[in-house]
Amino acid sequence: MRSLVILLISVALLWSAWWAGASYALRQGALAWLQDRRAVGWQAEAELTQNGFPLHLRSQAHGVTLADPANGNAVSAERITLSAPTYWPGYVTLELPQTPITITLAGQQFSLQAQDAAARLRLRPGTALQLESVALHSSAWQFSALHGALLRAEALTLTAQQDAATETLYTIDVEAAALTPGDALRDLLNLTGDWPATFDSFALKGAIRFDRPLDREALTGPPAQPRAMDLKALDLRWGALALTGNGQVTIDAAGVPTGDVTLRLAQWQEMIDLAATSGLLDPAQRDQVQLLMGGLANIGGQDGDIEITLAFAQGQMALGPVALGPAPRIMLRQVQRQ
């Protein structure tokens, strides 16, 4: 019995020491990052607190303000929480506050408010720290400008999951439930009052295969490069408008894509009318677009729909029979750190 008590006390002391050391390292890392931002001219302020003992490593940043005066970008939040289970700090969860987050982009101010919004990063145990998954989930959210709401939805899900059999392959899933453009966007598009308020569907499913696993080397060395993209399903539906698609593209070492993506556009005439009504197309442009879309509809489509293939071959790209010129290079660049 005495041996058992000694063992339990020893384990408790070791666990406490591990928690204290890991918690201290987390705090010092955050303080060092803030100091690095200040050293390059940023405003970087936050009050840090640590808690969560004994099961979690939790760091809360209160009164967060990050601003880069050089380009007019900034973000401020009442609180941001970073946590991980004590047994493995590689399972990280970032929780956003329920109160609005103020975002400034190129001097223009926006606001993001989300309920139960959290990003979860999962790293596989081991020295390589391979990315197992990353996921962003939120309940009701709204993105606004000074003159009103731009976008809102009842829920948002963004996930990337490593394939169990192929460590370089990640499945991608994006879905917004009841995505609703705000009055500001509806006014910009000059939509009539009877146009549906919400998207019927806003979803994308696909997969990306890289040339090597996503791991800690991606933070310190050349990034992993995409070698194949599989668009399993694109489904965007809003009123009379609908865009769906699927396809596969391979990418060589120079970033040149090869493959086909099939796109299906429902009620393309409605789309042209909407663009013209909103002022996005002037009369001369409308005639040109009408002629082009009509030709594409004659090639593939029926009942007011268009089905056309975006093809990539030998460094060129084409939309059906229409040559579009050189295909874009698909390569990830290494992030330059200041």
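Biologist: Why is Lys205 called partly exposed?

Modeller: Its relative accessibility is 39%. Buried means under 20% and exposed means over 50%, so a value in between is partly exposed. Lys205 therefore counts as partly exposed. Keep in mind that this is a predicted model.

Biologist: What makes Lys205 and Asp173 a salt bridge?

Modeller: Their side chains meet at 2.9 Å, N to O. The cut-off is 4 Å, between a side-chain nitrogen of Lys or Arg and a carboxyl oxygen of Asp or Glu. The pair therefore qualifies.

Biologist: How do you know that this pair links distant parts of the chain?

Modeller: Look at the sequence positions. Lys205 is in strand 14 (residues 201-210). Asp173 is in strand 12 (residues 169-177).

Biologist: Is Asp173 buried or partly exposed?

Modeller: Asp173 has 23% relative accessibility. Buried needs a value under 20%. Asp173 therefore counts as partly exposed.

Biologist: Why is the pair of Glu217 and Arg212 called a salt bridge?

Modeller: The closest N and O atoms are 3.9 Å apart. The limit is within 4 Å, so the pair counts. Glu217 is partly exposed, with a relative accessible area of 48%. Arg212 is partly exposed too, at 22%.

Biologist: What joins Lys232 to Asp230?

Modeller: A salt bridge, with the closest N and O atoms 3.0 Å apart. Lys232 has 48% relative accessibility. Exposed means over 50%, so Lys232 counts as partly exposed.

Biologist: How many salt bridges does the structure hold?

Modeller: It holds 6.

Biologist: Now strand 3. Why is Thr81 called buried?

Modeller: Thr81 is found in strand 3 (residues 73-85). Its relative accessible area is 5%. Buried means under 20%, so Thr81 is buried.

Biologist: What makes the link between Thr81 and Gln60 a polar contact?

Modeller: Their side chains are joined at 3.4 Å. The cut-off for N or O atoms is 3.5 Å, so the pair passes. Beyond four places in sequence, Thr81 touches residues including Arg58, Ser59 and Thr93.

Biologist: Why is Pro97 called buried, although it is found in a loop?

Modeller: The label rests on area. Pro97 has a relative accessible area of 2%. That is under 20%, so Pro97 is buried. Its loop runs between strand 4 (91-95) and strand 5 (101-105). Leaving out residues up to four places away, Pro97 touches Ala77, Arg79 and Ala114.

Biologist: How far is Pro97 from Phe312?

Modeller: They are 44 Å apart in space, C-alpha to C-alpha. In sequence, 215 residues separate them.

Biologist: Is Ser144 buried or exposed?

Modeller: Ser144 lies in strand 9 (residues 141-145). Its relative accessible area is 12%. The limit for buried is under 20%, so Ser144 is buried.

Biologist: What makes Ser144 and Gln142 a polar contact?

Modeller: The distance between their side chains is 3.1 Å. The pair must be within 3.5 Å, so it counts.

Biologist: Which residues touch the most other members of the largest nonpolar core?

Modeller: Trp141, Leu179, Leu191, Trp195 and Trp238 do, in a core of 13 residues. A second, separate core has 10 residues, among them Leu265 and Trp268.

Definitions and conventions
Residues numbered from 1 in each chain as written. Predicted model: local features only at pLDDT ≥ 70, side-chain atom pairs only at ≥ 80, totals over all residues. Heavy atoms only, no water. Core = buried A, V, L, I, M, F, W, Y, C linked by side-chain atoms within 4.5 Å. Buried < 20%, exposed > 50% of the residue type's maximum accessible area, 1.4 Å probe, protein only. Helix = DSSP H or I, 4+ residues; strand = E, 2+ residues; numbered from the N terminus. Polar contact = N/O pair within 3.5 Å; in protein donor to acceptor, adjacent residues only side chain to side chain. Contact = heavy atoms within 4.5 Å.
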